[in-house]
Every structure is written in structure tokens, then in C-alpha cells.
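Thank you for passing the coordinates on; my remarks follow as numbered points, to be read with the structure open.

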Amino acid sequence: MISNKIFKNIILAFAVSFLLSACATQKKMDSQMQGDVYTGTDTVEYLASGVPDRVFFATNESVLTTASRDTLRKQAAWLRKNPDINVVLEGHADERGTREYNLALGERRANSAKDYLMTYGISSNRVSVISYGKERPVDSGSNPLAWSKNRRSVTVKAN
Amino acid sequence: MIRKIFIKLFFVLLLITESSAIIEVDITRGNLNPLPVAVSPLFSDENTDQNLKSNYEIIKLGEKISKVVENNLKSTGLFNPIAKKAFLQKPDVAHLKPRFEDWALIKSQALITGQIKLENEKLRVEFRLWDVLAGKEILALAFTTVPKNWRRVGHIISDKIYERLTGEKGYFDTRIIYVAEQGPKTKRIKKLAIMDQDGFNTKYLTLGNELVLTPRFNPTNQMVTYLSYFKNLPRVYLLDIETGIQEVVGDFPGMTFAPRFSPDGKKIIMSFAKDGNSEIFTMELETRLVERITNHPSIDTSPSYSPDGKYITFNSDRSGFQQIYTMKSDGTNVKRISFGKGLYGTPVWSPRGDLIAFTKLHKGKFYIGVMRTDGKGERLLTENYYQEAPSWSPNGRVLIFYRETKSDDKGEGFSAKLWSIDLTGYNERQISTETDGSDPSWSSLLTN
């Protein structure tokens with residue numbers, strides 16, 4: 001009798017923990033995207049402590065999100081503190097677009113990040129821009145989450 | 001009728017005889033009943049066979065050439081070559097005087113026969129096309145070349161037969177330039193590659209040290225313009241295929257991309273991206289004169305000239321989304337021509353001038369399609385998970401493009417391959433390449 005009850009409890013505990021973990025994964029997926037903009041941190045690297053290196057875009061868009069502007073203000077502050085550092089902004093697109101248009105789109109994304117850095121006092125001659133279009137994804141999957149990680153502008157130290 | 005034609009390079013055409021057409025192949029519709037043809041091996045004498053074997057290490061050349069012809073004709077979907085084991089008559093006898101009842105018996109309607117002969121290190125090729133039902137010769141041709149050009153011999157024969165039977169120029173003696181791809185998607189290695197239209201004789205023109213994209217031939221097929229990330233500066237380059245000499249096109253303070261030649265070969269038209277705005281420019285190769293064609297704060301790219309050079313079709317998102325436009329070659333009279341649902345890209349003007357081929361993205365699917373130059377009569381030829389960048393065969397009857405497969409979450413299962421489809425929407429086929437491939441561009445006919 002008792003052993004049976006313990007057994008039931010164990011089963012129950014397993015079931016609950018399984019459900020919880022399933023919830024957690026589901027929540028993790030959702031929390032990594034807002035609309036179709038990537039908001040996770042899996043691929044993000046840091047230029048300095050607390051200074052993320054990249055911003056993400058919606059499909060076919062080059063408009064900066066609130067989170068992107070926040071990241072770029074941190075980059076601008078870091079660049080002001082380190083006046084000897086120059087950067088390259090690498091603009092990228094996801095794989096769901098024609099190659100030539102995506103080259104132009106990557107360039108437009110990197111420039112929208114550059115413009116924002118400039119409004120925060122960074123001189124344009126410290127910031128250069130290159131577009132890779134869809135040629136250099138970080139995530140090689142063919143799914144909405146992978147594509148959201150690939151629609152990005154990455155700030156890279158040039159010197 | 002006898003005409004004399006001189007062809008540059010290695011080919012000297014000796015004789016053409018033609019009489020009125022009896023067999024005809026209609027290429028304007030999808031052909032569900034391909035014409036049965038018999039391609040008899042080209043006959044050669046013992047001397048020629050010996051000589052080819054000992055001096056050129058080529059055996060059974062007549063059979064090899066006939067195989068090239070057979071494959072070409074079959075690839076069109078318009079012809080159905082009959083298996084050689086069904087043939088009742090020997091190649092040498094058939095070439096002199098076919099016993100038409102024997103060829104009719106195996107249901108052949110057209111018969112191709114020929115002979116090759118090695119004379120003073122030159123290969124003399126002669127072939128004939130016979131109308132089996134009418135019992136007469138309808139085309140005969142002879143030319144000489146060097147033995148190592150034997151695959152081109154097959155292509156030239158194929159072109160002449162195609163032209164005789166369909167009434168339109170062939171597209172077999174042509175090459176494809178494309179981007180050969182290898183490695184994982186995140187670190188893909190890309191090289192310029194060139195091959196015969198049927199996938200043979202692949203040569204790599206770059207080593208893969210830098211990213212290269214979108215190669216396109218000039219009208220004489222001696223030069224290629226393409227995008228290279230040499231020294232991590234994406235710029236349009238010009239490459240001389242024979243000499244291997246490369247140079248940057250123009251002196252632009254930013255990325256140049258999406259290049260193509262003008263139909264006279266004197267200019268390169270391309271996009272130049274600066275400050276988030278891509279505009280279309282031309283550069284005259286001789287004078288280096290640069291001219292700005294578009295002026296709009298949106299993305300303007302993928303320009304392609306009409307064959308008379310008077311118009312340009314291009315891709316712009318000035319309406320908010322990617323659409324296809326046309327304008328005069330000086331940039332005036334800009335008109336949007338794509339109005340269907342979805343996004344449109346990569347417009348490319350047909351060599352016949354009447355159609356524009358494009359890529360369309362709608363509801364997560366990619367289509368290759370054509371529309372008239374005023375945007376009317378849109379016709380989608382093929383739907384897939386991902387495909388883009390059509391390029392026309394020189395006769396405007398076939399489109400080559402590339403297609404990518406979906407990766408799983410680990411990035412496995414990805415491939416990029418070259419495909420072709422007829423303007424009719426029929427005869428969709430994969431073109432075999434040594435590695436994965438993308439961005440194909442079709443040359444014009446190498447001999448006219």
C-alpha cells in the first residue's frame with residue numbers, strides 16, 4: 001500500500017517536473033523573439049562588460065527597435081570612453097530573400113546602426129560599414145528563430 | 001542552297017545544304033510527344049581510330065560525339081533519342097544512303113548520321129540529318145576542328161539540328177558561369193566556375209580565398225563581371241577569362257554589386273550602396289566614365305538592360321516592398337510593372353526582348369516567373385522552398401536558376417543546385433555540377 005503510494009508520488013513528481021521543463025522550453029522560445037525580432041542572447045558577444053556587440057531587425061526592416069537603440073547607446077558610451085578604437089558595422093540579412101536585394105538590405109541595416117551611433121556623438125570616420133547580405137549567417141537552421149538571429153548588424157573592433 | 005560561313009576560333013564551316021522542312025518541332029508549347037530521333041554513331045575509318053588512340057588517347061570518338069548530341073536533344077524534352085541497340089543499319093552505310101524503312105521500323109522520324117576523319121591533326125566532321133518518313137536528306141554540314149574540341153563538335157551538330165527542326169537557334173554550344181559552393185552555411189566557400197552547358201569541362205576561375213557572387217558574361221563571352229570581397233571590400237570586378245587578369249570596376253567609396261554588361265558590352269551597369277541607399281550606376285569601360293542612373297532614397301538594384309540597350313529593368317523597394325520597375329536607359333520614365341501579390345526581385349530581360357523573367361516571394365514560397373515588359377501576362381513557371389536568379393538561354397527558350405533546400409535546426413540537409421526550366425513551364429531539370437552551385441549565368445552562342 002505504502003510503496004504503491006510512494007510510487008504514485010514519484011510518477012506525479014516526474015510528470016510535474018516534465019510539464020515544468022516543457023513550459024520552460026516553450027517560454028525560452030517565446031522570450032527569444034518579440035514579433036519576429038530576436039531578443040535572446042545566444043549569439044551575442046560583448047565588446048566590453050555590459051556592451052553587447054549586435055542588434056537585430058524584423059524581416060525586411062532596418063528600423064532600430066527599443067532594445068537595439070539601448071544596445072547602441074551602450075556601444076556609443078564605450079566608444080566615447082575608448083577614443084582610439086574604430087569599428088566596422090557588419091550588416092546581415094536572413095536567407096529568405098534574393099541575394100542582391102539582401103546585400104543592399106544588409107548595407108541599410110548597418111547604416112541605420114551607424115546613424116544612431118553618430119547621433120550619440122561618434123564621429124563617422126571611426127565607423128565603417130560592410131554588408132554581407134545573406135552570405136554569413138550565424139545560425140544555419142532554416143526556421144524563424146534562426147532567421148531572426150541572422151537579421152543583424154554586428155559591431156566589430158577594426159583595430 | 002549553299003552558303004559559306006567563316007567561324008572564328010577553330011571552326012571552318014565548309015558546306016550547308018538545306019531543303020524545305022517536312023518534320024517540324026513546335027517549341028512554343030510544352031511538348032508531350034517528343035520527336036523520336038535516331039542518332040547513329042559517327043563513322044570513322046581504321047586509320048582515324050588508330051591515330052586518335054595513339055596520338056590523342058581518344059577511343060570510340062564517333063560514338064562519344066553522338067552521345068553528346070543525344071544528351072543535348074534529350075535535355076530539351078522535345079526529342080526522344082532511340083536506344084542504339086535497336087538500330088538495324090551500320091553507321092557507315094547509313095551515312096551514305098539510309099535504308100529508310102529500317103529506321104521507320106524502329107519508329108524513328110529523324111535520323112542523324114555522320115563521319116569523322118583525322119587529316120593532318122585536324123578532325124574533319126561531317127553529318128547529315130534525314131527525314132525518315134519523307135525519305136530525304138534535310139541538312140548536311142561539314143567542318144574541321146582539333147580533336148580535343150570533340151565535345152564542342154557534338155554541341156555544334158546539336159545546335160544545327162535543333163535549328164533545322166524547330167526553326168529557332170540552338171543553345172548547346174554555350175557555357176554557364178556560376179558560383180561553386182562548398183562547406184557549412186556559416187563559412188561557405190565560393191569560387192567562380194565555368195562549364196559547358198551540359199555540365200562538362202568545369203574550370204575554376206578563383207581559388208575560394210574570398211567570397212565571390214553573381215558572375216555574368218559580356219556579349220562575346222570573353223569577360224565576366226562579378227562581385228568579389230577581395231580584401232574584405234565588396235566591389236564589382238572585371239575578369240578576362242583567357243588571361244585571368246582581374247580589375248576593380250570604377251573607384252566607388254563603398255560597396256558596388258549586382259553587375260551586368262550592357263548589350264553592346266561597352267558598359268557595366270551595377271548598384272552602388274552608400275549611407276544606406278543603393279543606386280544604379282553605369283561605367284563605360286573604355287573611358288571609365290561613371291553615370292548615375294537612379295536617384296531615390298530607397299534600394300535600387302538588380303539592373304538588366306533590354307537587348308536593344310534602350311531600357312533597363314530593375315528592382316526597387318520605393319513602394320515599401322521589393323517590386324520590379326522599368327525605365328529608359330538614361331533613368332527617365334520610371335514605371336512600376338509588378339503588381340501581383342508578394343515581393344518581386346531579380347528581373348532579367350529576355351534576349352528576344354518581349355519578356356522579363358523574375359523571382360517572386362509569396363507566402364513563404366519562391367517562384368521563377370515571366371511577365372511581359374509592361375508587367376502584364378505574369379506566368380509563374382515553378383514553385384519551391386527557395387529559388388532565385390533566372391538567366392536566359394541565348395535563344396530565350398530556357399531559364400537557368402538556382403535552388404536551395406531547407407536545412408534542419410542543425411543546418412544539415414542544405415544544398416544549392418542549378419536547375420533549368422523551359423519558358424513553357426515544362427522540362428524542369430537539375431544541371432549536374434561537381435559541387436553545389438548558385439548564381440548561374442548563360443553565355444551567348446560561342447559560334448554563330
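This is a predicted model: local features need pLDDT of at least 70, side-chain atom pairs count only at pLDDT 80 or more; totals for chains, interfaces and linings use all residues.

**Notes on helix packing, domains and the chain interface**

1. H2(A) passes H3(A) in a crossing of right-handed sense. Helix H2 of chain A spans residues 66-81 and helix H3 of chain A spans residues 99-119, and their axes, which come within 9 Å, cross at roughly 55°.

2. Sorted by class, the contact of H2(A) with H3(A) has six nonpolar residues, together with one polar and one charged residue.

3. Chain A as a whole has four helices and eight strands, which follow one another along the sequence in the pattern α-β-β-β-β-β-α-β-α-β-α-β. Of the 159 residues in chain A, 42% are buried. When the contacts in chain A between residues at least 6 apart in sequence are considered, 69% of them join residues at least 24 apart.

4. For chain B, the domain assignment gives domain 1 as 12-166 and domain 2 as 175-442, and the C-alpha centres of these two domains of chain B lie 35 Å apart. Eight residues of domain 1 of chain B are in contact with 11 residues of domain 2 of chain B. On the domain 1 side, helix H2 of chain B (residues 61-75) gives the most, with three residues, and by class that side has one nonpolar, five polar and two charged residues.

5. Which elements of chain B give two or more residues to the side that touches chain A? Between the chains, 33 residues of chain B are in contact with 21 residues of chain A. The elements in question are strands of chain B, namely E11 (212-217), E15 (255-261), E16 (267-274), E19 (300-305), E23 (343-349) and E27 (386-392). E15(B) supplies the largest share of the side of chain B that touches chain A, with three residues.

6. The class composition of this interface deserves a separate remark. The residues on the side of chain B that touches chain A divide into 11 nonpolar, 15 polar and seven charged.

Definitions and conventions: Residues are numbered from 1 along each chain as its sequence is written. Chains are lettered from A and ligands numbered from 1 in the order in which they are written. Axes are lines fitted to C-alpha atoms, for helices over the stretch in contact, and angles run from 0 to 180 degrees between N-to-C directions. A crossing is left-handed if the near helix is turned anticlockwise from the far one by less than a right angle, and right-handed if clockwise. Ala, Val, Leu, Ile, Met, Phe, Trp, Tyr, Cys and Pro count as nonpolar, Asp, Glu, Lys and Arg as charged, and the others, Gly among them, as polar. Domain bounds come from an automatic or database domain assignment. Two residues are in contact if their C-beta atoms, placed from the backbone, lie within 7 Å. A residue is buried if 20 or more other C-beta atoms lie within 10 Å of its own, exposed if 12 or fewer, and partly exposed in between; C-beta atoms are placed from the backbone.
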